[in-house]
Amino acid sequence: MKQWLLIIDGGATKTACAVVHAESGDVEYSTSAKGSNYQAIGVESATAILQELLANVETFLQKYPNSQIAVATFALAGIDSPKDHTAVVAIVQNALQTTQLQVDTLIIENDAEATLLGVTAGQAGALLIAGTGAIAYAYDGQQIVRAGGWGHRAGDEGSGYWLGQEVVRAIFKMEDGRGKPTILKEAVYQSLGLQDVTELAEWLFHPSYTNAQLAKMGSFVAKAVEQEDACAIEISQQAAHELVLLASAVLKKIDYQNEPFTFYCNGGAIKHNPLILKIFTEQITFMYPQVDISLCQHQPITYLIERTKRAYDCL
């Protein structure tokens, strides 16, 4: 019987899916869909997205009779409490029930926590993700702790969404005469096809608006920094400060004692803004000289594949 590994990485913006040959470790099939965080889009929409991905997986595996999924990892955003985990387990099980897929071992966990265990190969380490949202995890070899990731309505400081919010706020302040002039205005207006500030206000409440669209506005900050835009520089400095607070929080929670330790960073907000990364690295290494800041070199699903392979090897 041919054995497969199924990995689904469901974030706020995108849900990636991979089918891996269990013995060779080769990725034989991959696809993606929209974000599947049930807290953001609801149970029905999240279930529908997973159903679509699983149907595609089922179609792929029809080419291999007598196949079995040895381990399926569903690493999904939105699992922040036991209640969330129960809700997501139900979503996954309902999606699986619409298929004929046979899964031997099922793993359902928070996407960031799973990525941490993948990137550290199960060893002690920490992970900061500053993508659409922002969250940090640390593992001391015995316990996993977290900070941040509380959602865009009241948290996620330093994330892509937060950067987008700050960009829009800066434009409103500029147009009112309450803030500095900024080239971010032209970038946003051109991207959205807007003519004036009233259209920007309308866009924020348009039915087609999504958090991912606002997070995209944050990507304009790095380019504006290159052009020495004072407003973009201030936004980047504040974002770095927020991410330092986030990273420090998880180090304190594991009672870090200044031994050699790797802190991995992932997500576009920090990887694609050199000023944020520079300030973050300088401040963390000043506070914790033995901490090594390392940018993740691969997509999160790559680390989830490694995590799933280790689970398979332990069967």
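**Exercises on a predicted model**

F280 is buried (under 20% relative accessible area, where exposed means over 50% and partly exposed in between, with a 1.4 Å probe and protein chains only), with a relative accessible area of 0%. The structure is a predicted model, in which local features need pLDDT of at least 70, side-chain atom pairs count only at pLDDT 80 or more, and totals for chains, interfaces and linings use all residues. Residues are numbered from 1 along each chain as its sequence is written, and side-chain values use heavy atoms, with hydrogens and water left out.

**Exercise 1.** Locate F280 and state which residues it touches.

*Solution.* Step 1: F280 belongs to helix α12 (residues 274–287); helices are DSSP runs of H or I with at least four residues, strands are E runs with at least two, and both are numbered from the N terminus. Step 2: leaving aside residues up to four places away in sequence, F280 touches L128, A240, L243, V244, A247, C265, I270 and I293. Contact here means heavy atoms within 4.5 Å.

**Exercise 2.** Determine how strand β9 pairs with β6 and with β10.

*Solution.* Step 1: strand β6 (residues 125–130) and β9 pair in the parallel sense over four bridges; pairing requires that DSSP finds at least two bridges between two strands. In this pair, L128 stands opposite C265. Step 2: β9 and strand β10 (residues 291–295) also pair in the parallel sense, over five bridges, and F263 stands opposite I293.

**Exercise 3.** Explain why strand β9 is largely enclosed by the rest of the structure.

*Solution.* Of the six residues of β9 (residues 261–266), five are buried, so the strand is largely enclosed.
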